[in-house]
Amino acid sequence: MSFLLILEQTLNGLQFGVMLFLIAAGLTLVLGIMNLVNLAHGSLYMVGAFVCAWVSVETDSFLLGLAAALPATALVASVVELLVVRRLYSRDHLDQVLATFGLILFFNEATKMIWGARPLRLDPPDFLSGTVELLPGAPYPAFRLAVILVGLAVALGLFLLVTRTRLGMLIRAGASNREMVSALGVDIDRLYTVVFALGAALTALAGAMAGPIYSVEIGMGESVLIPVFVVIVIGGIGSIRGAFVAALLVGLTFVWGRAFLPGLFGLVLEPSTASTLGSAISAMAIYILMAAVLIWRPRGLFPPHG
Amino acid sequence: MADGLGRRLGGHADGLLLGLAFLAWPAVAAGFGLEWTLDLAARILIYALAASALNLVLGYAGLVSFGHAAFFGAGAYVVAILAYHDFLLGPIVLFGLEIPGTGNAWIAFPLAVLVAGLLALAIGALCLRTSGLYFIMITLAFAQMIYYLFISLPDYGGEDGLSLFARSELRPLDLGDDLAFYYLCLGLLALVLAGKAAVVRSRFGWALMGIRDNERRMTALGLPPYRYKLAAFALSGAVTGLAGALIANLTEFVSPAFLSWPLSGELLIIVILGGMGRLYGPLLGATAFLLLEFWLKEWTEHWQLALGPILVLIVLYARGGLGGLVDLLRRGREGSGHG
């Protein structure tokens, strides 16, 4: 196992991690502030990817696709918030789970009707389609590197937004005491819509950037939603900082496990057993990580106050 | 008090009526040349069985488990794997021990129940350390873990699943006969419902409902909530495993879809649709949900486009489920009778 391979897989893990963070950030805000479980968050990720892929093909420009995906997804999210999600804030979690499960069925089928059942193709922009030589003899896809950088920049921006701006102050205040904030004259309904749309835009960014790396297909939202839940549980519900740390942990565990576990087992076991066992354990690695964190800290690494 | 008693008897009457309908259905179907509906009816019974098991933790213990597919799929895979080893692979080698596979339901079904129950015990032991939102997401996550585990096992079909070569043998019954299999499902469902009625009325059941309604008070009364909830969760998982063993026999095919999270969601919907915490609710819910799904599929290829919004509307506007609707109708009738 060479150093370069470890470096490459570590970067892949970071890239997956920052994507998980972009998706988890919106979801954990909605969970922490509105106390709402939104299973359909993955559907918004899918909408972002499909809009980006579609506009990219039509205009022959990934950046235009990206520019269209964010506001389009935020718009879809606002409509969903106004029509359905708003009625769910005061309901119990079971109702929220079932209603947003219904939304997933709707979104998957609607996407299939609009864009067809076949996966869409999404190419990275030309200037990022090559590789970058990080170290001599270690080329790395430029697009993945860009995803890492964009993800880190957005994480920093989100941190500043929440801690330094008026909107961020309202978000934090709304999370700790909804009645008080609304008694002070803040339009809490509008605040919730804005937060929901903001989360959707972040997840659409993740979806659009995921397009060239993975595939743009129906159900992509659900396969990523579960690792995102793992991230939120590990990080602590409602904590942006927790989501960031946990997302990187989960991303690295996932990628490292898949890349190295079969090989590591191969050192002590016979090849066929090692590859079966290695792939089985690596499939479970992030859940084992979650179980370990929960035994240690049942409310996650950075439990919110109160 | 009298009203409560009347309603309880009334609830049983509805359940018995529905049970009788299922008892008589094969004869009715044969009379009208509708034998093909037996498959759908058996599927309804199996889903009702699994949803009844879920209802024990959801309705009576207030635990929103979003991972019951894991136990359903585990039961199905136990039956399929044992049969597969019996037919093709030879004995299962585990830690140097050779365990022969089997197609015998007298061995495979209890083993399915046992494995699903132990799995629920292990998952429950971890998940019950948390509550509320965390519990929902963690049960979901562990069920996905089992799902990905089976996808990554090429020996057992991976993503493609595993075919059974025949239904299990349950001498003296011949499960290859669709009618016998249907009545086995109905009998097992009746048994589970009777067992559940007994559990709910027992000290254990009252303790569970007490914990659901006020955990702190029950702790103060000296009951350990964790152990009660864990016992209920394991029991629920075990019974869900039985439903899984049956579904493997019905379809003669198991795939990771039996472990996937939409199935967990469907089971929750069935419980809600029938009315949570009602003994016969899951049978009512399963009948309504699977028939709705069936008709929507007949009507359009894009049936999920309709099903999704229907679910949203049910959650938003019909919280008590169909069981609540039945109550409402009866109260209306009684009201008009008295007035």
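Mentor: Residues under 20% relative accessible area count as buried, those over 50% as exposed, and those in between as partly exposed. The model before us is predicted. In chain B, B:E215 has a relative accessible area of 37% and is therefore partly exposed.

Trainee: With which residue does the side chain of B:E215 meet in a salt bridge?

Mentor: The partner is B:K229, and the N to O distance is 3.2 Å. Because B:E215 belongs to helix α8 (residues 215-220) of chain B and B:K229 to helix α9 (residues 225-251) of chain B, the pair ties together parts that are 14 residues apart in sequence.

Trainee: Is B:K229 buried or exposed?

Mentor: B:K229 is buried, since its relative accessible area is 9%.

Trainee: Which residue forms a salt bridge with B:R167?

Mentor: B:R167 pairs with B:D178, and the closest N and O atoms are 3.0 Å apart. This pair links distant parts of the chain: B:R167 sits in the loop between β3 (162-163) and α6 (178-201) of chain B, while B:D178 is in helix α6 of chain B, 11 residues apart. B:R167 counts as buried because its relative accessibility is 12%, whereas B:D178, at 44%, counts as partly exposed. A network of salt bridges links B:R167, B:D178 and B:E252.

Trainee: What does A:R86 form with A:E81?

Mentor: A:R86 and A:E81 form a salt bridge, with 3.4 Å between the closest N and O atoms. A:R86 counts as partly exposed, because its relative accessibility is 29%; A:E81 counts as buried, because its value is 0%. Over all chains, the whole structure holds nine salt bridges.

Trainee: How many salt bridges are counted between chain A and chain B?

Mentor: The count between chain A and chain B is zero. Six residue pairs, both at pLDDT 80 or more, are in polar contact between these chains.

Trainee: How do strand β1 and strand β2 of chain A run?

Mentor: Strand β1 (residues 131-135) and strand β2 (residues 138-141) of chain A run antiparallel, joined by four bridges. Across them, A:T131 has A:P141 as its bridge partner, and A:E133 stands opposite A:P139. The strands form a hairpin with two residues between them, and A:G137 in the turn has a positive phi of about 80°. The covered face of β2(A) carries A:A138 and A:Y140, and the uncovered one A:P139 and A:P141.

Trainee: Where does A:V47 lie?

Mentor: A:V47 lies in helix α2 (residues 41-59) of chain A. Its relative accessible area is 11%, so A:V47 is buried. Not counting residues up to four places away in sequence, A:V47 touches A:T73, A:V76 and A:F107. From A:V47 to A:F260 there are 213 residues in sequence and 33 Å in space, C-alpha to C-alpha.

Conventions
Residues are numbered from 1 along each chain as its sequence is written. Chains are lettered from A and ligands numbered from 1 in the order in which they are written. This is a predicted model: local features need pLDDT of at least 70, side-chain atom pairs count only at pLDDT 80 or more; totals for chains, interfaces and linings use all residues. Side-chain values use heavy atoms; hydrogens and water are left out. A salt bridge is a side-chain nitrogen of Lys or Arg within 4 Å of a carboxyl oxygen of Asp or Glu. A polar contact is a pair of N or O atoms within 3.5 Å; within protein, one must be able to donate a hydrogen and the other to accept it, and residues adjacent in sequence count only if both atoms are side-chain atoms. Buried means under 20% relative accessible area, exposed over 50%, partly exposed in between (1.4 Å probe, protein chains only). Contact means heavy atoms within 4.5 Å. Two strands pair if DSSP finds at least two bridges between them.
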